[in-house]
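I opened this structure to see how its parts pack against each other. These are my notes, in the order in which I looked things up.

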Amino acid sequence: MEQLKYRSVFDIIGPIMVGPSSSHTAGAARIGKVVRKIFGEQPDTVDIYLYESFAKTYRGHGTDIALVGGLLGMEPDDPQLADSLKIAHENGMEVLFVPKQEKAEHPNMVQMKITKGDRKLTVTGKSIGGGNIQISELNGFKLSLSLGVPTFIVVHQDVPGMIAKVSQLLSNAGVNIGTMTVTRESKGEKAIMIIEVDERNETILEQIRALDSIYNVSYFG
Amino acid sequence: MFFSIEELVQQSHEYPSVAELMIATEIEMSGRTREQIIVLMERNLQVMERSVEEGVAGVTSVTGLTGGDSPKMNAYIEAGDFLSGETILMAVRNAIAVNEVNAKMGLICATPTAGSAGVVPGVLMACREKLTMSRQQQLDFLFTAGAFGLVMANNASISGAEGGCQAEVGSASAMASAALVAAKGGNAHQSAQAVAITLKNMMGLICDPVAGLVEVPCVKRNALGSSQAFISADMALAGIESVIPPDEVVEAMYQVGRQMPATFRETAEGGLAVTPTAKRLTEKILAKQS
């Protein structure tokens, strides 16, 4: 059987969200939230590049509000979502929106460049329908991340043994790896592991963080 | 898990109802407990109820394009002098309410999408009065709708950008008709027939939103989609069968969506979106925004 696009009754009845569009509003908020979780803290500046349908209709659909709300850590059903631009301003988060003319890989695509001090992160996300999303690029790494299942994102130094160490921790905890993507900027630089697992287990997060040569670990349950 | 409507109907024979099959499948697929699943669905139902109440009381969208039609329909029903039935008109009023709330960036439950969020709650809030449904029966209505919706989503599409409005309001209306049949005491086979009857009438419906916004014609298509769910359900309960089996109808809808030019798939480049009035409204909205 080919992989199912929808596996849960709550993909169909749900999500609870602030209108008006599951792809332009709820999906956008989810992308923002994922970016915030990967970054791990509130950024100082955010440049948001909008493509195609996102570029044409972002104001009418509240895509801008939703992306920023997500970056502030809000869920798609947060009643404060409508005030997110104001809240961002009050919290000292500088936001710039840039609607782009050129074609993109997907009609609902956004690229976000965020900074805090010396830290920088670039993420590209797509909103694929019904509030479901895909992260397709992270700091120049091509990837495909849907976050429909429990997922670990590990950013680490590209040194020998990292995959073995992380997978050993998962194995010790009895967590089965469903899929695993490993990629890197260039030899010896920063690398990233995206591990989709079968069991919901957040407790190994701290153990992975405690390993040498780890920059950042995120978990999406 | 069921991968076709035929499998759904067959597997449901091992359970008291399609709703129970859906709950058992959800437990198996998600690892959540029955209690957790019921709590999540109850939360969805409460949001649906609040969105209907809010819309019937009267709202206006961010752009001003839509809003205020639900109170009009409410007053018309209360006056008591109408052509069609009261339950259908209540569903229409409720569906308009939810989509008007959606258009003003209010809180809704996507069923299966935000653009088609009026149909299933609109129908449920109307038929629960007529059929005096218990809370559990109302939740079962949503599980039944979700079960048929899952098959359509996996074998065709629930995205207007992929398959046009037939994929959104068409799927929503089909889901509601299947759940109505079950709520009225029909069997799973009859629910499946209602899905086929509904989708056949929605087939080819394009997605042509004015200014690219989920307002015109979405609100009214939700209204009509909810009314149609009742007629399809009654036809199926009367024993009328679809000549083309439900799974073949779903496959046909998928193929129609694939063959549909991009003009008619949520790009606002065709249909109602390019009428002179729509163009004028689009310019006005864009001018207001910049």
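Which residues in α10(B) meet which residues in α12(B)? I kept in mind that this is a predicted model.

**Entry 1: two helices of chain B**

From α10(B) I listed A192(B), Q193(B), V195(B), A196(B), L199(B) and K200(B). Facing them in α12(B) are P246(B), V249(B), V250(B) and M253(B). I then sorted the residues of this contact by class and got eight nonpolar, one polar and one charged.

Next I looked up the geometry. Helix α10 of chain B covers residues 188-202, and helix α12 of chain B covers residues 246-259. Their axes come within 9 Å and cross at roughly 30 degrees. Because of that angle, α10(B) counts as roughly parallel to α12(B). I noted the crossing of α10(B) and α12(B) as left-handed.

**Entry 2: another helix pair in chain B**

I turned to helix α6 (residues 119-130) of chain B and its packing on α11(B). The axes are 9 Å apart, and the angle is about 50 degrees. α6(B) and α11(B) are therefore oblique to each other. Here α6(B) passes α11(B) in a right-handed crossing.

On the α6(B) side, I found V119(B), G122(B) and V123(B) in the contact. On the α11(B) side, I found N222(B), G225(B), S226(B) and A229(B). The classes for α6(B) with α11(B) are three nonpolar, four polar and no charged residues.

I also checked the loop between α10 and α11 (218-237) of chain B, where P217(B) lies. The peptide bond from V216(B) to P217(B) is cis, with omega near 5 degrees.

**Entry 3: the sheet of chain A**

In what order do the six strands of the open sheet of chain A stand? I read the order as β3-β2-β4-β5-β6-β7, with mixed pairing. β3 (94-99) and β7 of chain A are at the edges with a single partner strand each, so one side of each has no neighbour in the sheet. From one strand to the next, the twist averages 20 degrees.

I picked one strand pair to follow. Strand β4 (residues 108-116) and strand β5 (residues 119-129) of chain A run antiparallel and are joined by eight bridges. I noted one residue pair here: T115(A) has K120(A) in β5(A) as its bridge partner.

Then I looked at which helices lie across the strands. α2(A) lies across β4, β5 and β6 of chain A and runs at about 150 degrees to β5(A). α3(A) lies across β2 (45-51), β3 and β4 of chain A, at about 110 degrees to β2(A).

**Entry 4: two backbone details in chain A**

I found a cis peptide bond between G19(A) and P20(A), with omega about 10 degrees. P20(A) sits in the loop between β1 and α2 of chain A.

The other detail is N139(A), which is not a glycine but has a positive phi of about 45 degrees. I located N139(A) in the loop between β6 (132-138) and β7 of chain A.

**Entry 5: the domains of chain A**

Chain A is divided into domain 1 (12-145) and domain 2 (151-220). Their C-alpha centres lie 25 Å apart. Eight residues from domain 1 of chain A and 10 residues from domain 2 of chain A take part in the contact.

On the domain 1 side, α2 (22-39) and β7 (141-145) of chain A each supply at least two residues. β7(A) gives the most to that side, with three residues. The residues on that side of domain 1 divide into five nonpolar, two polar and one charged.

**Entry 6: where the chains meet**

How many residues of chain A are in contact with chain B? I noted 35 residues of chain A in contact with 45 residues of chain B. On the chain A side, α1 (9-12), β1 (16-18), α2 and α3 (52-61) each supply at least two residues. The largest share of that side comes from α3(A), with five residues. By class, the side of chain A that touches chain B has 16 nonpolar, 13 polar and six charged residues.

My last check was on pairing between the chains. β1(A) pairs with strand β1 (residues 107-109) of chain B in the antiparallel sense, over three bridges. I16(A) stands opposite C109(B) in β1(B).

Note on methods: Residues are numbered from 1 along each chain as its sequence is written. Chains are lettered from A and ligands numbered from 1 in the order in which they are written. This is a predicted model: local features need pLDDT of at least 70, side-chain atom pairs count only at pLDDT 80 or more; totals for chains, interfaces and linings use all residues. Axes are lines fitted to C-alpha atoms, for helices over the stretch in contact, and angles run from 0 to 180 degrees between N-to-C directions. Helices (H or I, at least four residues) and strands (E, at least two) are DSSP runs, numbered from the N terminus. Angles under 35 degrees count as roughly parallel, over 145 as roughly antiparallel, 65 to 115 as roughly perpendicular and the rest as oblique. A crossing is left-handed if the near helix is turned anticlockwise from the far one by less than a right angle, and right-handed if clockwise. Two residues are in contact if their C-beta atoms, placed from the backbone, lie within 7 Å. Ala, Val, Leu, Ile, Met, Phe, Trp, Tyr, Cys and Pro count as nonpolar, Asp, Glu, Lys and Arg as charged, and the others, Gly among them, as polar. Domain bounds come from an automatic or database domain assignment. Two strands pair if DSSP finds at least two bridges between them.
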